[in-house]
Amino acid sequence: MKLGIHEDTTNRKKLAELLRFYTSKSGEDQISFKDYIQRMKEGQKDIFYITGESRASVSASPFVETLKKKGYEVLYLVDPIDEYMVQQMKDYDDKKLKSVTKEGLDIDETDDEKKKREEEKAKFEPLCKLMKDVLGDKVEKVVLGTRIDESPCVLVTSEYGWSANMERIMKAQALRDSSTSSYMVSKKTLELNPRHQIVDELRKKAEVDQSDKTVKDLVWLMYETSILTSGFSLDEPQNFASRIHRMIKLGLSIFDDDKAADDDDLPPLDDAAAEEVDTNRMEEVD
C-alpha cells in the first residue's frame, strides 16, 4: 500500500485511508491518519512525523521529547518505504505532513515564550557565531531551537533535503549514484537548547575567552554527539574518540604533553588550562 502511494497518483488518497502507524501516544496499537487528526491538539495545524530505523530509536529521539511534553502526537514511520512515501504524500485532509527533524516545524508558543525566546536569541548570539566559526562548513548555521527540551543540541536538515534516516538508507545502497547523493544530502543546522546547563556554561566560558583551547574541543564534542543523537553517522569516529579520551583525562586529572595531538581540531592542553580544572567540580557535574 505504501508503494502504491509512491507510484499510484490516482488512488493515493484511497490508499492513505488504509494506512496504520504507531505513534508517540498509541502504545502497542496502530492508528490511521483520520484517528490522528481527531486526536490533534487544539490549534495544531500539521501532522507531525519522524522517520527512523525502529520504534525504539525514534521514541528515544530528542526531536520527540518536547512535542510529547507539549501534548503533541508524533507518527512513527519506521519502514524504509516510508521515506519514499512521504516524498509523494505531502498532506492528508488539508493537513501538511511535517517531519520533526527538519526545518519549518511550527510549534505554538505563548506570547511570554516568544518574548523569552527573543531575549535568549540576543544573549546567545555571540556563542552561535563562535560555534559556526569553529565548525565551518560542517553546518550551514547555528541557531537557538524550540524543538528540544532535555538535550543540549540537535542537527536539523533542510525541509526538502534528505533526513538522517534517508541518508542511512542511501549509504546502504550498493549501486547508489554518488552525484545524486552529494546533491540531496542536506546542509545541516545546529540547534541549541538555551535552557540546557551545558549550553549556558559554554556561553559563559566563551564570554571570558573565545580563544580558550578547551572551548573549541567542547564545541566539536557537542557537534559530534548531536550527529549521533540526531540519527546520523560519524565520518571521523577516531577524532570523536580522541576528544572523549581528552575529557576523561581531564576528569582524572591526567595532564601530559601529547605531541601527537597538536592539530587544530585537537589542541594540546596547556598548563594554564590544566591548573583551572577542579576535580571536585567535575564530580559535582557527574
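Me: What makes helix α11 (residues 213-229) oblique to helix α12 (residues 237-251), given that their axes cross at roughly 125°?

Reply: The axes of α11 and α12 come within 10 Å and cross at roughly 125°. Axes are lines fitted to C-alpha atoms, for helices over the stretch in contact, with angles from 0 to 180 degrees between N-to-C directions. Under 35 degrees counts as roughly parallel, over 145 as roughly antiparallel, 65 to 115 as roughly perpendicular, and the rest as oblique. The angle therefore makes α11 oblique to α12. Helices are DSSP runs of H or I with at least four residues, strands are runs of E with at least two, and both are numbered from the N terminus.

The model is predicted: local features need pLDDT of at least 70, side-chain atom pairs count only at pLDDT 80 or more, and totals for chains, interfaces and linings use all residues. Residues are numbered from 1 along each chain as its sequence is written, and side-chain values use heavy atoms, leaving out hydrogens and water.

Me: Which residues of α11 and α12 meet?

Reply: From α11 they are D217, L218, W220, L221, E224, T225 and L228, and from α12 N239, F240, R243, I244, R246 and M247. Contact means heavy atoms within 4.5 Å. The residues of this contact divide into 7 nonpolar, 2 polar and 4 charged.

Me: Why is L190 called buried?

Reply: Buried means under 20% relative accessible area, exposed over 50%, and partly exposed in between (1.4 Å probe, protein chains only). L190 has a relative accessible area of 0%, so L190 is buried. This residue lies in strand β8 (residues 188-192). Beyond neighbours within four places in sequence, the contacts of L190 include M131, V143, L155 and S226. Its C-alpha atom is separated by 9.6 Å from that of M222, 32 residues apart along the chain.

Me: Why does I198 count as partly exposed?

Reply: I198 has 45% relative accessibility and therefore counts as partly exposed. The residue is in helix α10 (residues 197-208). Not counting residues up to four places away in sequence, I198 touches P152 and M222.

Me: What is the average pLDDT of the chain, and where does pLDDT stay under 50?

Reply: pLDDT is the predictor's confidence in each residue, from 0 to 100. The chain averages 85, and 85% of the residues score at least 70. The value stays under 50 over residues 259-263, for which the model has 4 contacts beyond four places in sequence. Over residues 267-283 the pLDDT is also below 50, and this stretch has 23 contacts beyond near neighbours in sequence. Where pLDDT is low, predicted coordinates should not be read in detail.

Terms used:
Nonpolar A, V, L, I, M, F, W, Y, C, P; charged D, E, K, R; others polar.
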